[in-house]
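Student: I am new to this structure. Can you take me through how to read its features, one at a time?

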Amino acid sequence: MRDQRNKGIHPQGITLTNTIAWVVLAAAGLLSVYLPRSGYLSLAGALLGAVFFWGALAMLLHEMQEHPPTSKGQSRLRMVVTVIAVIACLWVTKDPLLDLATGPRETVLTNARVYKTLNVGIMPDRYYLAGDSAYGRSVSLTISLSDYERIRTGQTMSVTYYHHTKRLIRYGSTGEQYL
């Protein structure tokens with residue numbers, strides 16, 4: 001049932017609550033893209049990405065409730081879209097929550113190297129630090145542009161990172177930490 005108190009704000013029935021929800025949702029989405037990829041705020045960006053997806057799902061469910069289906073086919077389609085949206089939200093949420101629960105890991109990377117992937121449009125380029133861990137595994141972590149410019153290829157360094165989201169928190173040569 002539509003909130004009758006806010007209906008007069010816009011002739012098509014867009015409420016102040018809906019407008020605020022869309023603005024908060026857009027802000028969470030933009031912040032998740034533009035927060036630093038490494039450092040102490042890196043997990044906040046991943047969590048804001050999850051907030052964006054869950055907020056979009058809430059808005060989708062609200063709109064479905066406001067506009068009931070007109071046929072059985074439309075009802076089934078809405079059910080499929082809802083299930084897909086819930087699965088996407090769970091998928092985006094799992095890594096940041098696992099990192100929040102387990103905390104950061106530390107390792108020593110040998111043969112460290114940096115590389116970037118180019119993106120088109122408003123999405124920023126992505127920068128990565130890769131190397132071999134002390135356990136013999138290959139590790140690739142998301143880093144910021146400033147880290148990309150600062151790290152020299154081929155060096156051995158200690159790193160602290162979030163395992164599931166693959167985001168670097170800090171790095172440095174033995175005993176020396178940056179970020």
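Student: In what sense do strand β2 and strand β3 pair?

Tutor: Strands pair if DSSP finds at least two bridges between them. Strand β2 (residues 126-132) and strand β3 (residues 138-143) pair in the antiparallel sense, over 6 bridges. Tyr128 faces Thr142 of β3 across the pairing. The hairpin has 5 residues between the strands, and Gly136 there takes a positive phi near 85°.

Student: What should I know about the model itself?

Tutor: This is a predicted model, where local features need pLDDT of at least 70 and side-chain atom pairs count only at pLDDT 80 or more, while totals for chains, interfaces and linings use all residues. Residues are numbered from 1 along each chain as its sequence is written, and side-chain values use heavy atoms, leaving out hydrogens and water.

Student: How many helices and strands does the protein chain have?

Tutor: Helices (H or I, at least four residues) and strands (E, at least two) are DSSP runs, numbered from the N terminus. The protein chain has 4 helices and 5 strands. Along the sequence the pattern is α-α-α-β-β-β-α-β-β.

Student: Which aromatic pairs can I look at?

Tutor: Rings of Phe, Tyr and Trp (its six-membered ring) pair if their centres lie within 6.5 Å; planes under 30 degrees apart count as stacked, over 60 as edge-to-face and the rest as tilted. The structure holds 3 such pairs. One of them joins Phe52 and Phe53, edge-to-face, at 5.9 Å centre to centre and 90° between the planes. Another joins Tyr127 and Tyr148, tilted, at 4.8 Å and 45°. That pair links distant parts of the chain: Tyr127 is in strand β2, Tyr148 in helix α4 (residues 145-150), 21 residues apart.

Student: Is Tyr127 buried or exposed?

Tutor: Buried means under 20% relative accessible area, exposed over 50%, partly exposed in between (1.4 Å probe, protein chains only). Tyr127 has 11%, so Tyr127 is buried. Tyr148 has 25%, so Tyr148 counts as partly exposed. Phe52, at 30%, is partly exposed. Phe53, at 34%, is partly exposed too. Across the protein chain, buried residues make up 34% of the 179 residues.

Student: What does Phe52 touch?

Tutor: Contact means heavy atoms within 4.5 Å. Leaving aside residues up to four places away in sequence, Phe52 touches Leu25, Ala28 and Gly29. Phe52 lies in helix α2. Its C-alpha atom is 8.6 Å from that of Ala27, 25 residues apart along the chain.

Student: Where is Ser38, and what does its side chain meet?

Tutor: Ser38 sits in the loop between α1 (16-34) and α2 (42-66). Ser38 counts as buried because its relative accessibility is 6%. A polar contact is a pair of N or O atoms within 3.5 Å; within protein, one must be able to donate a hydrogen and the other to accept it, and residues adjacent in sequence count only if both atoms are side-chain atoms. The side chains of Ser38 and Asp147 make one of 2.4 Å. A polar atom of the Ser38 side chain also lies 3.2 Å from the backbone nitrogen of Ser144.
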